[in-house]
Amino acid sequence: MLTTFETLYKILQLEKEQGYRNRAVIGGLEKFIANWHEEARQEAAASDHQAVVDEIVNLLKDYTAITDTSTRAQAVERAIQLLRTPPTPEKGAPVAPPPPEPVKAKEAPRAPAPPAVTPPPARPGLDSPVTAIAGIKEGFAKRLARLGVYTIHDLLYLFPRRYDDYSALKPIAQLEYGEEVTIIGTIWNTKVRQTRAGGVVVNTIVADASGTIQATWFNQPYLAEKFKPGRQIVLSGKVDEYLGRLTFRSPEWEPLDQELIHTARLVPVYPLTKGISARWMRRIMKRTVDYWSKRLPDHLPASVRERAGLLDLETAIAQIHFPDDWESQKQARRRLVFDEFFLIQMGVMRQRHAWRSQTGKALHINHQLIQEFIQSLPFTLTNAQQRALSEILADMQQPYPMSRLLQGDVGSGKTVVATAAMLAAVGSDTQAALMAPTEILAEQHFKTISSLLEGFTLGSRPLQIRLLTGSTSAAEKQAIYDEISSGTADIVIGTHALIQEGVEFQDLGLAIIDEQHRFGVAQRGTLRSKGHNPHVLVMSATPIPRTLALTIYGDLDISVIDELPPGRQKIKTKWMLPTERERAYAFLRSQIEEGRQAFIICPLIEESEKIEAKAAVAEYERLQHHVFPDLKLGLLHGRMKPSEKEEIMRAFRRGELDILVSTPVVEVGIDVPNATVMLVEGANRFGLAQLHQFRGRVGRGEHQSYCILLSDSSTASSEERLRAIESTHDGFLLAQKDLELRGPGEFFGTRQSGLPDLKLAQVGDTPLLELARAEAQALFREDPDLSRPEHRLLARKLEQFWQQASDLS
């Protein structure tokens, strides 16, 4: 087994190779070094290397907090140097051996030596780099890294995308054109010929007792050496036809005398990358799964497994990779999807428990002040708005901090409810803050809230509302900082500038965060820390079906504004084919001639923001030069600096641009009352929830607005989505439909929520999600801290799983 020094040496070498990304070991170097410290000091006690251990710990203990790559590199290099060249021990102290040198092949024999003190060969663990697996050298490790695989554990959780069903075994005489099938036969002969283009074709005749068939492979001349007459092989593939005869073209094959992993079974099809073939990946996976699935600790308590009727983890991992049949695959997937939902639910419940166990400040609500505000509005609050406000005010009167999500469709009136809550906070002699993701949204909130609260006073003095963003001048910032710390500023609206050093509230009673999925845990936590556990309200305009919301936001209470104010115009929505693009352009031009403005959204390109930005630039230039040369166009994409994006949006809002061409970054955007047309290119690539968000960017003024959806291809599922949004304007109904069509895994994609990665969850998994939630709640009631011995593995797994979480508070 490796010594603690050698283990760390290998991990640091891997960290170096991976570009200092803190991915060499699960949980990160900082966590690993904390556990390593004590073991290393014990091992170093005899060899007097404690000073080295302490220096290494000091170098790496704050590794996660170091954001600069060059500083990380210096720390790692110094630690490696210390591990290579330990200090000279005092006289008489035994010397710890350095990491063993690899033995050279065919080394000349030497004279007998005393017994070696070198430790036995390394025994890798699940956190070991993939190079610990026989057959994976450094080159392949780098390729696997492109698939997100760094450790043996990562490899076990790289699941097949699909399966080729080659389990049907048939005699050659019964084969039919087009079927996927497996045959077992003997090679009669093999011929190799060259094509005119310089390619190589290998033709092999395979026979069984019922007949013969030809199999053909292209540009694989080495196969001729393997396909010797008389050899028995297994072929799996689709039956093709050539000159009236049935054939196989490039089928999978294996010798009959080996364990079959490419043929005659459900064959896993894995994600691949350049330099990794499907056959290589399957071979490595089979070897890894056979050995390591047996050493994978099962974190799910036996009581939960039995109640939910789930497989043990070893069986589930083995059967998801190489299933015996479809039922085995289904049961394996059921267990692993349950794990994903269960771990998410345990995580959010733990966060809720931690937050609710803190002491907060019960606010004394001035109900007369709130009624005066409601009566001053030029409209009547909807029943849903009144219900949401009542729930928020009730929470603010509790002695523990509120943690509530306010969900409402675009235009449902969340801002008015949030304004009433802030007025309640300042009416209780505390301060309120609202944090928005962009300067433009912050400015928009400032203008709206200032207008709504105009004329309101606190006793004899007028209400003081301040705007704090990155663009605020240094002198003005300092003046606002002073007003915040002295309590003169009652309501502060801003961007992330609100959580910077220097901002100290005298008594922050309510913190509101707008568009929650734009902020990470750390930012929200910092805003909370600006007061003594203030009440927190999170606002979101992304409708989420209630079952999912209760699971994903299990740490928050939920208020829903599920009705729109009366008289709000519906946005006319039309799905058009690519052949109707000119008609769409003509309509857009007619609206601009009437003095209106328009958005054009470029297609979603999942692979890369860089490619997406490049495509948007090309589309902008095409539209500006060839379609609308006489109009003023602006461009917005994700690769632009925040300040550039802000300036373009301001110009559009001021009416200086006729058309704003944008990538999907405009989804959560600004109020432009004069914009009446939203044209979405490649609409079939977006989910319903996102299309509904785009549509909500228009229809904010007095004029009739329109949403035109141009699809660049047509599948049954995309047609169903586009028909749904054409006929439905209810965001919650559309979200439910989106969930049914795409499933929870895709609904909460990484681009949308920052949740821990859902690798398997998809359509039809909602009942399993509800089961996982019920089991998590039952376990949490029994042992909220997971301190019982039988729950220790679950506690460790939970920590690892939530290492990836970046967006729940």
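**Close-up 1. Trp-280 is buried, with a relative accessible area of 10%.** Buried means under 20% relative accessible area, exposed over 50% and partly exposed in between (1.4 Å probe, protein chains only). Phe-140 is partly exposed, at 22%. This is a predicted model: local features need pLDDT of at least 70, side-chain atom pairs count only at pLDDT 80 or more, and totals for chains, interfaces and linings use all residues. Residues are numbered from 1 along each chain as its sequence is written, and side-chain values use heavy atoms, leaving out hydrogens and water.

**Close-up 2. Phe-338 and Phe-342 form a stacked aromatic pair.** Their centres are 5.5 Å apart, with 15 degrees between the planes. Rings of Phe, Tyr and Trp (its six-membered ring) pair if their centres lie within 6.5 Å; planes under 30 degrees apart count as stacked, over 60 as edge-to-face and the rest as tilted. Both residues are buried.

**Close-up 3. Trp-217, Phe-227 and Trp-253 form one aromatic cluster.** The structure holds twelve aromatic pairs. Another of these, Phe-140 with Trp-280, is stacked at 4.3 Å centre to centre and 10 degrees between the planes.

**Close-up 4. The charged end of Arg-72 sits over the ring of Tyr-63.** It lies 4.7 Å from the ring centre. The criterion is NZ of Lys or CZ of Arg within 6 Å of the ring centre and within 35 degrees of the ring normal.

**Close-up 5. The charged end of Lys-286 sits over the ring of Phe-322.** The distance to the ring centre is 5.5 Å.
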